[in-house]
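Colleague: I have a structure open here and would like to talk it through with you. Could you take my questions one at a time?

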Amino acid sequence: MIPLLSLIVFTPWIGAALLALWRGASPGAIRGLGLLFSLSTLGLGLIALSRFDPAITVPQFGETHDWISMLNVHYRLGLDGLSLVLVLLTGIITPVALIASWREHRDARLFTALFLLLQGAALGVFLALDFFHWFVFWELSLVPAFFLIKLWGGPSATRAAYQFVIYTIGGSAFMLLAFAALYAATGTLDFLQLGQYGADGTLNVRLGAIGGWWPRAVFLGALLGLAVKVPLWPFHTWLPPAYAEAPTGASMFLTAVMSKMGVYGFLRILWPIFPTQLHQAAPCLLWLALGGVVFGAFAAMRQTDLKRMVAYSSLNHLNYCLLALFALSAATGQPGTTSAAAAAALSGTILQMFNHGLSAAALFYCVGVLEARSGGRRGLNDFGGVRTAAPIFAGLCGVALFSSLGLPGLNGFVGEFLIFRGVFGLAPWAAAVACLGLLATALFLLTFWQRVFHGPTGKVAANFPDLSLSEILPLLPLIGLMFILGVWPQFLAKLINPLVSLWAGQLPLP
Amino acid sequence: MSLPVQLLWLIPALPLLAAGIGSLTPRSGRGLASGAAIVAMAISFLLSCGALATALAQPAAHLVHNFAWFDLGGSAVRLGWLLDPLTAFMCVMVTFVGTLIFIFSTGYLHEDANFTRFFCFLSLFAAAMLGLLVANSLLLLFICWELVGLASYLLIGFWFHKPSAAAAAKKAFITTRIGDLGLLLGMLWLYDSTGSLLFYDGGQGVLEATALGGLVAQTTIGGLAVSTAIGLLIFCGAIGKSGQFPLHVWLPDAMEGPTPVSALIHAATMVAAGVFLVARVYPLMSADQGLAHVPVHALTVVAAIGAITALLGALIAVAQSDIKRVLAFSTVSQLGYMMLALGVGSWVAAIFHLLTHAFFKALLFLGSGSVIHAAHHEQDIRRLGGLRGPMRATFATFAIGMMALAGVPFLFSGFWSKEAILHAAHNWDVSHLPLYAGLAAVVLTAFYMTRLVAETFFGSPRSEEASHAHENSAVMTVPLILLAVCAVLLGFLGTPAYPWLQARLEGHTEVHGHPIFEGAGLLMLSIVLVAVGIGSGWALYGRRPRANANALDPIEGRLPGLFAVLRARFGFDELYAATVGRLNTAMAALSDGLDRYVWDAAVRFLAALGEFGGVVNREADEDVLNGGFDATNDRLRGTARSYSAAQTGGAHGYLRTVAVGFVLLVLIVMLGGGV
């Protein structure tokens, strides 16, 4: 039996190790090797997809090995519909992000190796089922991300990188402490086991036995770590500088994949393990998620740096996911809560994760193209009339913008519609307030499109060559998927629906 | 020949295919892009005729074909096609008018560099519009609704190098999206309450008795029935799309688009989608009519908005001097009429007027396009004039369109459909205010259209461009003539003597007419009003034509204050800029400020606190304690290092602290008897 999941996680690391050892590699070899190993995820992910049975809701392709038996720590990997969607997303985004970085000529070997390290760590997070190595992957992902931002980033990259890493580690530290307490109380770090304890109330009893405030404190610790990572508003101030200063490829990976680690954590850890605490905190958290949706979108309107604008739009989009989850948790057990609304909220969250990955990565890619053609400019008012000079680029970027805006027919709509459908059924007023976010999103994305692409052709845009074939190719899979998932969402929905139905049918609340 | 409902999707699919072809065609492939668009549209027209045959064979039936889109929880999100006389008549109209406008466009835009792109967008629009018509699901309707908005956005901003066009496109998209958010909320509410968004589904659909009964039975905020609340939210979408007060401001600006676009999208079809939407969900909108003790009925609001818009649009049109803006405000006003008809209970009158209006307004817009094309893009009526001689075909057809719009009696279609609306308003027992607004608009419409024709075609040319104008080629005049024929004949489908169209729309197979002069008081009154409007218009603008482009408008000379207010469109744009616009800017500034000065400041404060701790430790370490307490010294140095390490971002020190904490905590909990 081939350990498929271990292969998925560690193949990029093997590539990173090869690159690290191969001192005299030519640029072509570095690129080829990097692309090959980053594509391994997609290849292996597709193999997993072909063998995956959506009807089985427990993690499949499971691998369990004793690791540190003294501490009851096991090496456990498993893949369910949620993980599969994210593995596929990682498999699609990473190669594209790597290709987008091919303009980067400084120390390409180190850059590529770090990128592959980052990819493997993210995959580990999506597949690990035991807190111990889940946390190792979680923290390890920060190291390459830090160096990618600091060494290849913009002028204030150093500050942005430090802020990003310290802030995230600060959050994770609390999560680590929380899990230490969980381990002490239950003797296990297995997510599924802990989820069971959470669902049947054992966890509350055990933690409560230490002291009355322990269950809450432990919950808050775990919450903080995840909230910073997503980020939940207002723990987001690291995000705009980090996304803006990072090199294009890293921005794409950060927003498309790493931000999903946080949302994944909410779904995999916080919601199943702490159902009661989340239920109690959710009415409050709901406001924060709404804050992210509304303030994120309006703050984006104020940005003149296009990368910061896209960064804020990411904040807005990801808070839709949390909005759905919090609305669901808040409404759990309330009269009138239907499993139809719950299923819509959960499906919407997962689809939104995938869709946001596509659209945000494509937008960062497009801003990267603008930067490369204008000597590093990316101000909202620096361009104008680019569509006249580069119609193909304008068209593809337009598709990405409208996907991000949630235009029906493209992927973004389906996830957002389901989230709104779910939230309306669970907390109608929250859905009504969140509509403000939809409006503001349309405003700033159309402003982006208008200022950059329309109007008379400015000085910068005058000598703008249109996209070359090698620039179109990496964008095509993203754009293609936007259309496919917009028209045929069943492709993803069928993978997650049995899992979502199960979750919606037995909302975990003791 | 008849088209079964299972194949109804072909009608929107063909233009979609043409749009796909157009999007992949290089700029040089003009013939391919326009040919594909026109052929697809023409075939869709034939298919629509087939669909009409199917629908008329059993007009009372709602033929549906539903299917699952994707799995969701225990069920699935379902979509479907719907074929009934309403859908079929609308499809025939859209494909017929669309084909003519496509043909006209090949002449109008033949010099444009982005010719292929234009036909791609036009086909995309047609596909979305037809999809909207055949949808049997509010969700599918909404999807197509947004896509027609996209096509409208792309086509208004077709000449995107003009900043005014780019701005108008954005304004149109955002303004309609405000209404669409209401529609979205209404749809979500409907979905949540009924568990379905299919219109008709063998008794389970949202427009069928079971679902409606449930919606009427519940009340919500303010004592409204849930059906009323949902209906009003859905109506918000119609307000935005159909340019109704108070969201009418985008439609006149949309005239920045090429004139065929104005004809197709902003006169004949898309802007009428709001009227179609209300007619489509009419069972829902009128479900609350049986309730006596509710604050308001949904249709009453529709009637009020329609009446206000009909009057407002007509008033503003009187003082505009851009040929397309006059027509744009006329469209606003006429859409108000249709809404008024819906509100007072006669959705068939609204659809009748929608259909006749589509033909004569498309005719008028294409006529104005013909003028603009001939006069080298001069579209200010003050600088035109005297075009009657050189542009005979355009003049004749434009005059027919003008008489249809003004409601010149008996021969012209607009007369009959407008009459049907006034009749319905007269019979409304809630209030007669909509009737009065409608009658006032009749005078105004006749007046401003006479002014428009007199200024454009009579007198003598008042600019270089106008004096060099000559008639356009057959590719542009033949569509005008065909539309003019329809603008006359279509009225006879629905005269009071033989209201065939109304009967079929309502699902009857027999037609019950009554003598035209039964209850002739209203009929006579409106004929007199039309005569007053045309007469006064001719007296002011026709008998003494404007001498030169800078001469004062006769009304401006007599009532300068009123004219200025009308010309400034009652200042709605300024009002919105000062309120909504400012609120929006303030909100953006607040959001950005919160980040910079509150959240980021808090983070910086915590960081500074950490730094301060590090400094204190180091100072204590080096100055105060130096040399003295060696044992303490070592410990403090360690702490200081870890603090400063935290500051400079060395993750190791931080992690070490965390690890120590982790171990300590485990110990505390274990020793404390946790396990």
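Colleague: Of the contacts in chain A with a separation of 6 or more, what percentage comes from residues 24 or more positions apart?
Modeller: Keep in mind that this is a predicted model. In chain A, residues 24 or more positions apart account for 81% of the contacts that have a separation of 6 or more.

Colleague: And how many helices and strands does chain A have?
Modeller: Chain A has 22 helices and two strands. Its radius of gyration is 22 Å, close to the 24 Å that the globule rule gives for 510 residues, so chain A is as compact as a globular protein of that length.

Colleague: What box do the C-alpha atoms of chain A fill?
Modeller: Taken along the principal axes, the box is roughly 70 × 55 × 40 Å. As for burial, 66% of the 510 residues in chain A are buried.

Colleague: How many residues of α15(A) are buried?
Modeller: The helix is mostly covered, with 31 of its 35 residues buried. Just after α15(A) comes A:Gly375, which takes a positive phi of about 70°.

Colleague: Changing topic, how many residues of chain B are in contact with chain A?
Modeller: On the chain B side there are 51 residues, and they are in contact with 60 residues of chain A. Several elements of chain B give two or more residues to that side, among them the strand β1 (63-72) and the helices α5 (138-156) and α25 (572-624).

Colleague: Which element gives the most to that side of chain B?
Modeller: That is α6(B), which gives 14 residues to the side that touches chain A. If you sort the residues of this side of chain B by type, you find 33 nonpolar, 10 polar and eight charged.

Colleague: Which residues is B:Met93 in contact with, leaving aside its neighbours within four places in sequence?
Modeller: Those are B:Leu355 and B:Ala358.

Methods:
Residues numbered from 1 in each chain as written. Chains lettered and ligands numbered in written order. Predicted model: local features only at pLDDT ≥ 70, side-chain atom pairs only at ≥ 80, totals over all residues. Helix = DSSP H or I, 4+ residues; strand = E, 2+ residues; numbered from the N terminus. Rg over C-alpha atoms; globule rule 2.2 N^0.38 Å. Buried ≥ 20, exposed ≤ 12 C-beta atoms within 10 Å, placed from the backbone. Contact = placed C-beta atoms within 7 Å. Nonpolar A, V, L, I, M, F, W, Y, C, P; charged D, E, K, R; others polar.
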